[in-house]
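Work through the following exercises with the sequence and the model open. Each task is followed by a solution in steps.

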Amino acid sequence: MTYCVGMVLERGLVFMSDTRTNAGLDNISTFRKMTIWENPGECVITVMSAGNLATTQAVVSLLQERAKSPDERTPALLSVPSMFQAVRMVAETLREVIGQHSSGGLQSESAFKATLLVGGQVKGSPPRLFLVYPEGNFIEASTDTPFFQIGETKYGRPILVRAFDAGMSFEEAMKLLLVSFDSTVKANLSVGAPFDYHFYPADSLTTGRTGRIALDDPYLQSVSQDWGDKLKAALDSLPDFSFTS
């Protein structure tokens, strides 16, 4: 399983993904699920993936191959005129890979599906964030839906719904994401650290702050402990329920 979140803030885009992959309780490994493409001054595109690992890696590999030399590769992700064209290319590549699996005589079609988050900015247009479905169709984040989740979404979603604010700083967004991810990890063993992140400042047209947060990271441990303690304190402060006969 996977957990990835993409958010649209007033100051830019925020991405975070876990790195756990598993094919059973005795086959757990770490694999990067976030890929960043950059053409400085022209565009920055981030893709996060959830679903069948072979499918998602095939999609990323194809996009990497087609982005190596924009003058020689067609289509080339880094030469698109807009984020809409970029997400169309990613969606078509996903549909192409899934179609190849399903047309190759394989019977478990659902096992080869994947979902993607695609976000970034192309020069001349604002930052944009999209959710791409296995079928190749997609939707865009908006003021009504300012963040997307893929993978194991249900445990971390209540945190985001209650506390998300488009005007928050990147530092505040990091706190929010870590609480969401920590809650998910504690509820589902198929999601795990380390967590990869990318904080993209709007109109910078260059890769922003990126990094990886390990399970034993002191800040993550502090956030996890403080969040748990404050939840218990908040529960204790609520009035007791009155049972009536």
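Accessible areas here come from the Shrake-Rupley method with a 1.4 Å probe. The structure is a predicted model.

**Exercise 1. The chain as a whole**

Task: State how many helices and strands the protein chain has, and describe its surface, burial and contacts.

Solution:
- Step 1. The protein chain holds 5 helices and 12 strands.
- Step 2. Its accessible surface is about 12600 Å², and carbon and sulfur atoms account for 52% of that.
- Step 3. A residue counts as buried under 20% relative accessible area. Of the 245 residues in the protein chain, 44% are buried.
- Step 4. Take the contacts between residues at least 6 apart in sequence; 63% of them join residues at least 24 apart.

**Exercise 2. The largest pocket**

Task: Find the residues nearest the centre of the largest pocket, and say which helix gives the most to its lining.

Solution:
- Step 1. The largest pocket contains about 320 Å³ of space.
- Step 2. Its lining has 15 residues, and those nearest the centre are Ala163, Lys175, Leu176, Val179 and Trp227.
- Step 3. Helix H3 (157-163), helix H4 (170-187) and helix H5 (218-237) each contribute at least two lining residues. H5 gives the most, with 6 residues.
- Step 4. By class, this lining has 9 nonpolar, 1 polar and 5 charged residues.

**Exercise 3. The second largest pocket**

Task: Describe the lining of the second largest pocket by residue, by element and by class.

Solution:
- Step 1. The space in the second largest pocket is about 230 Å³.
- Step 2. Of the 15 residues that line the second largest pocket, Val8, Leu9, Pro127, Ala141 and Ser142 lie nearest its centre.
- Step 3. Two or more lining residues come from each of strand E1 (3-9), strand E2 (12-17) and strand E8 (128-132).
- Step 4. The lining of the second largest pocket divides into 9 nonpolar, 3 polar and 3 charged residues.

**Exercise 4. Threonine 2**

Task: Is threonine 2 buried or exposed, and what does its side chain contact?

Solution:
- Step 1. Threonine 2 sits in the segment before E1.
- Step 2. Threonine 2 is classed as buried because its relative accessible area is 7%, and the cut-off is under 20%.
- Step 3. Residues that threonine 2 touches, beyond four places away in sequence, include Asp18, Ser49, Ile150, Glu152 and Val191.
- Step 4. Lysine 33 is also touched, and the side chains of threonine 2 and lysine 33 make a polar contact at 3.0 Å.

**Exercise 5. Two loop residues**

Task: Locate asparagine 137 and threonine 206, and trace their contacts.

Solution:
- Step 1. Asparagine 137 belongs to the loop between E8 and strand E9 (138-140). With a relative accessibility of 43%, asparagine 137 is partly exposed.
- Step 2. Setting aside residues up to four places away in sequence, asparagine 137 touches Leu131 and Val132. Its C-alpha atom is 9.0 Å from that of arginine 95, which is 42 residues away along the chain.
- Step 3. Threonine 206 lies in the loop between strand E11 (195-201) and strand E12 (209-213). Its relative accessible area is 33%, so threonine 206 is partly exposed.
- Step 4. Beyond four places in sequence, threonine 206 contacts Glu38, Val44 and Tyr200. A polar contact of 2.6 Å joins the side chains of threonine 206 and glutamate 38.
- Step 5. Threonine 206 and proline 40 are 166 residues apart along the chain, with 5.1 Å between their C-alpha atoms.

How values were computed
Residues are numbered from 1 along each chain as its sequence is written. This is a predicted model: local features need pLDDT of at least 70, side-chain atom pairs count only at pLDDT 80 or more; totals for chains, interfaces and linings use all residues. Side-chain values use heavy atoms; hydrogens and water are left out. Helices (H or I, at least four residues) and strands (E, at least two) are DSSP runs, numbered from the N terminus. Buried means under 20% relative accessible area, exposed over 50%, partly exposed in between (1.4 Å probe, protein chains only). Contact means heavy atoms within 4.5 Å. On a 1 Å grid over the protein atoms alone, a cavity is a set of points where a 1.4 Å probe fits but cannot get out, and a pocket is an open set with protein on both sides within 12 Å along at least five of seven lines; lining residues have an atom within 4 Å of a point. Grid points are joined across faces, edges and corners, and a volume is the space filled by probe spheres set on the points. Ala, Val, Leu, Ile, Met, Phe, Trp, Tyr, Cys and Pro count as nonpolar, Asp, Glu, Lys and Arg as charged, and the others, Gly among them, as polar. A polar contact is a pair of N or O atoms within 3.5 Å; within protein, one must be able to donate a hydrogen and the other to accept it, and residues adjacent in sequence count only if both atoms are side-chain atoms.
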